[in-house]
Amino acid sequence: MKNKSLSLIKPYFLEQRPRILFGVVSLIIVDFLQLAIPRVIKQAVDELTLFRIDAAALWRYSFYILLLGIAIGGFRYVWRYYLIGASRRVEEGLRNQLFSHLQILSPAYFDRTQTGDLMAHATNDVMHIRMAIGMGMVALTDALVLGTAAIGFMLYINVELTLLALLPAPFIVFGARFFSKRMHTAYGNVQASFSDLTEAVRERFAGIRIIKAHHREAFERERTATVSRRYIAENIQLAKVIGAFFPMMLFFSNLSLAIVLYLGGRQTIFFTITPGDFVAFISYLNLLTWPMMAMGWVTNLIQRGKASLDRIQKILLTAPLIADAPDALSVPDLAGKITFQNVSFSYRSAEATQDHAIDGIDIQLVPGQTLGIVGPPGSGKSTLLSLIPRLYDVSKGRLLIDDKDIKTLKIRELRSQIAFVPQEPFLFAGSIRDNILMGNSGADDSHMISAAEAAALHRTVTKFTDGYDTIVGERGVILSGGQKQRVALARALMKDTPILLLDDPVSQVDTETGTAIIQTIRAMAAGRTTIIASHRLSALRFANRIIVLENGRITESGDHEALMALNGYYAKTYRMQEIEETLHAD
Ligand code: ADP
């Protein structure tokens, strides 16, 4: 179980194998080229001290160093390109995988998961995995190859000197480990406070109209300033950790240098080693600082990446609550018969009988019929509609379409034959055209315009300078509530489906526009099974049947005339709205 999450990135490694191999080989070449420089210096210094060198030879050695420098630069470019590139591919793949999976999860998952957390998985966790792979491979290779080889060359020069020079090494390794952990924590806090800050600012701007209307600018400024101060404090904390880390590392590497300078110098004086060896030894020691730090860093890097990988895997293993049965039926041509058989639904759990949003509903609609749903807010109208495209599954009872339990149908086919206009229309930040078409690339303009006309939207759109290309802004901010509702309606009308579900389609338009929209819906309802929830009762008069929902239960049922005769909730509300509308008209 423990290492299972590694299987998540294995395919990427296999796919990137040639790149990774190329990168690691280049990295090892760089390491050995770096190790060659002290050898050249040794030669030059030894010949210099024996006065055996001429200008031409000096030129030659300088030229070697230059060549080595160029080659190191070239191969560094290559490993960076391939190794960091490979880690970026993994990042991309994992993020796409995560997004695709989140998209198939059911609405219930998002009811209990915060968007901010999902964003953190898609950014921070994926970044940690990328770092663990990219820099992890680099640090590991350097620690092993450069570290071992440098120590090897040093041992070759002088064993005793090497052992003494390495005395401070554990402090560097464990210091790097200690500090990289603290840096990670501090960095995490910086990121968290930064996302708080952006979220605070984003929310304040989203609600700028409310803030102004309530004259809360000063209050909000202070609240945002508090979040901002925390962000700065976290950054200073991080700066302190980094500030302590580098001098500490420098101290221990200078300690090694001091040991070598004193003891190595003595050995040179006593001819145990040559002056060239002495200088080369110091160069190796310099080369060794990074691999020692890498050794401490890499374990932390990998632990962090593994933890992130586990978190991502947990999401990827979350099965959607609502998914196709293995033997799901294909239903490309639904007629549109809808049957609720004693259907109950609870947002919490199937067992919690007290808080059913929908309770013991029985409905039968033959294809082409229209059902109206009325009832006070919170009575379960939206919930009832959302059960039909299986946004949520019924907790008890059965919901049948064309006499088949919807749990046995292919979800994709079921949903593609339902046009659904939700109560709060959601618009994406593109143009009006994009929002009506919603990726329906097969549709032409005349089709779109007739849908817009039917939704009483076309005339409004032609008044905009850019017409259908008008960019609606974030969540359709430049449109009024009623205009958004009509865009959502046009979007649904584009889909020629046997089932049409409308959740309060005229809640935000004036009576006149509402009447026009209802005319369209009436025309469309002919030949489709239509369910309309509406608090404006006159909009439902034409329905074949109307039900009144109260606390999730049907309390009244019948056509308009029957319900008026019943003189219950429907009749009273209808008369009240009639008076209101007359008053408005006056
Ligand atoms: P209506 O459409 O008639 O206003 P709803 O179907 O929206 O009523 O709500 C019915 C009940 O279900 C209400 O008590 C509401 O609080 C609850 N409810 C609605 N959506 C959710 C949800 N996503 N999670 C939990 N409870 C919900």
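Biologist: What should I know about the numbering and the model first?

Modeller: Residues count from 1 along each chain as its sequence is written, and side-chain values use heavy atoms, with hydrogens and water left out. The model is predicted, so local features need pLDDT of at least 70 and side-chain atom pairs pLDDT 80 or more, while totals for chains, interfaces and linings use all residues.

Biologist: What is the strand order in the open sheet of six strands?

Modeller: The order is β6-β7-β8-β3-β9-β10, with mixed pairing. The edge strands are β6 (418–421) and β10 (553–558), and each pairs on one side only. From one strand to the next, the twist averages 15°. Axes are lines fitted to C-alpha atoms, for helices over the stretch in contact, and angles run from 0 to 180 degrees between N-to-C directions.

Biologist: Which helix packs on that sheet?

Modeller: Helix α19 (residues 569–585) does, touching β3 (370–374), β9 and β10. Contact means heavy atoms within 4.5 Å. The direction of α19 makes about 100° with that of β9.

Biologist: Where do the side chains of a strand go?

Modeller: In a regular strand they alternate between the two faces of the sheet. Take β3: Thr 370, Gly 372 and Val 374 point one way, and Leu 371 and Ile 373 point the other way.

Biologist: Are those β3 residues buried or exposed?

Modeller: All are buried. Buried means under 20% relative accessible area, exposed over 50%, and partly exposed in between (1.4 Å probe, protein chains only). Five of the five residues of β3 are buried, so β3 is largely enclosed by the rest of the structure.

Biologist: How many bridges tie β3 to strand β8?

Modeller: Four, in the parallel sense, with β8 at residues 529–533. Ile 373 stands opposite Ala 533 in β8. β3 also pairs with β9 in the parallel sense, over four bridges. There, Leu 371 has Arg 545 as its bridge partner.

Biologist: What joins β9 to β10?

Modeller: Five bridges, and the two strands run antiparallel. Glu 550 has Arg 553 in β10 as its bridge partner.

Biologist: What is the order in the sheet of four strands?

Modeller: This open sheet runs β2-β1-β4-β5, and the pairing is antiparallel. Its edge strands are β2 (358–365) and β5 (404–405). Strand β4 (residues 396–401) meets β5 over two bridges, and Leu 400 pairs with Asp 405.

Biologist: How do I read a pocket?

Modeller: On a 1 Å grid over the protein atoms alone, a pocket is an open set of points where a 1.4 Å probe fits, with protein on both sides within 12 Å along at least five of seven lines; lining residues have an atom within 4 Å of a point. The volume is the space filled by probe spheres set on the points, which are joined across faces, edges and corners. The second largest pocket has a volume of about 650 Å³. Of its 21 lining residues, the closest to the centre are Gly 116, Met 119, Ala 120, Gln 191 and Ser 195.

Biologist: Which helix supplies the largest share of that lining?

Modeller: α7, with twelve residues.

Biologist: Which helix holds Leu 255?

Modeller: Helix α9 (residues 217–269). At 35% relative accessibility, Leu 255 counts as partly exposed.

How values were computed:
Two strands pair if DSSP finds at least two bridges between them.
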